[in-house]
Amino acid sequence: MIKGVIFDLDGTLYYGNKLAHDAQDVLEILRKNQIDIFYITNNSTKSREEMAQKLISLGIPASSDKVYCSASASVQFLLDRSLKKIYVIGSKNLENEIISVGLELSSPSECECILIGMDFDITYDKIYDALTALENGALFVACNTDSNYLIENNILKPGCGAMVGAIVGASKRQPDIIIGKPEINMIAQLMNDWNLNTDELYIIGDTYESDVAMARKCGIAYSQIINNNATLLNDERELHFHHDYEVRSLTEAVNKLLELR
Ligand SMILES: [Mg+2]
C-alpha cells in the first residue's frame, strides 16, 4: 500500500522557476487520496527551509520537514559519523549548516573530512587544499556527483560532479562517500523520520542515473518522466519509450502509483 510519494524537483515538479503544467493537479489528487508528499533533491546550495520556500513561491505548500536535500543530508551524515572538523568546498549555506549544528570548519591540515558541494567560486587554491587534506588522511565526502543540470532555455550548467571531478583528478582518488542520489542516504533518512517502508513509497523523477538508479537500489516503485526533459535536451528522444516505468507526465506517473494502492 503506497502511503507516500517522493518527488524529484528540477526536471520533475518544476523546470528552473516554472512549475510542471500538471503539478498542482497531481498534488491535489495525492492529497485527496491521503498520500504523503515528499521532495528530494541533490541540490547542495540550499537548506531544507530554503527549498521549501522555493516550492511555496511556486504555489506548492511544502513544509521543510518533507524536503530532503544533499546539503542537510550531508550534515546529518557528519553528525552520525561523529566527524567534527570539516574542510568544505561548497556554498556559504553549506558552511552555515555545518556551523549551526556545532561542527567546525577546519583547515586542510587539521580536518577529519572534506565535504564537497556545489561551489560557484571554486578555485585552484581550494582544490589544492582538498588535495592536502586527503594526503593528510581526511575522509572524502561528496554531496553528489551530478555532472550537470538543465535550467530554462535549454542551458546546461556544470554540477557538483565538476567540483568532485577536480579533486578526483588531483588526488587520483574517488569519494569515500557520496550522499545524494543515486545513493540511498536521503531515502534512508526519510524512511527513518517518517517510519515508512520501501513498499509504502513511490519515487517520481526524471533522471535515469540518479532517480531511477536510487529507486532501484532501495527497491522502491518508481516512474521516470521522459517527455519534458527529453524535449529540452533532444526533441528526437521524446518519441522513444522502451520501458513501462517511463511516463510522459506527472499525471501518468500518479495514475500508475494509484494503481498500486
Ligand atoms: Mg531532476
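Predicted model: local features only at pLDDT ≥ 70, side-chain atom pairs only at ≥ 80, totals over all residues.
Residues are numbered from 1 along each chain as its sequence is written. Local features need pLDDT of at least 70 and side-chain atom pairs count only at pLDDT 80 or more, while totals for chains, interfaces and linings use all residues.

Visitor: What is the mean pLDDT of the protein chain?

Guide: pLDDT is the predictor's confidence in each residue, from 0 to 100. In the protein chain, 94% of residues reach 70 or more. The mean is 92.

Visitor: Why is strand E13 largely enclosed by the rest of the structure?

Guide: Strands are DSSP runs of at least two residues, helices (H or I) of at least four, numbered from the N terminus. A residue is buried if 20 or more other C-beta atoms lie within 10 Å of its own, exposed if 12 or fewer, and partly exposed in between, with C-beta atoms placed from the backbone. Leu201, Ile203 and Gly205 cover one side of E13, Tyr202 and Ile204 the other. E13 is largely enclosed because five of its five residues are buried.

Visitor: Which residue in E14 is the bridge partner of tyrosine 202?

Guide: E13 and strand E14 (residues 221-225) run parallel, joined by four bridges; strands pair if DSSP finds at least two bridges between them. The partner of tyrosine 202 in E14 is alanine 221.

Visitor: Which exposed residues does the face of H1 turned away from its buried side carry?

Guide: In helix H1 (residues 23-32), the buried residues include Ala23, Val26, Leu27 and Leu30. The face turned away from the buried side carries Glu28 and Lys32.
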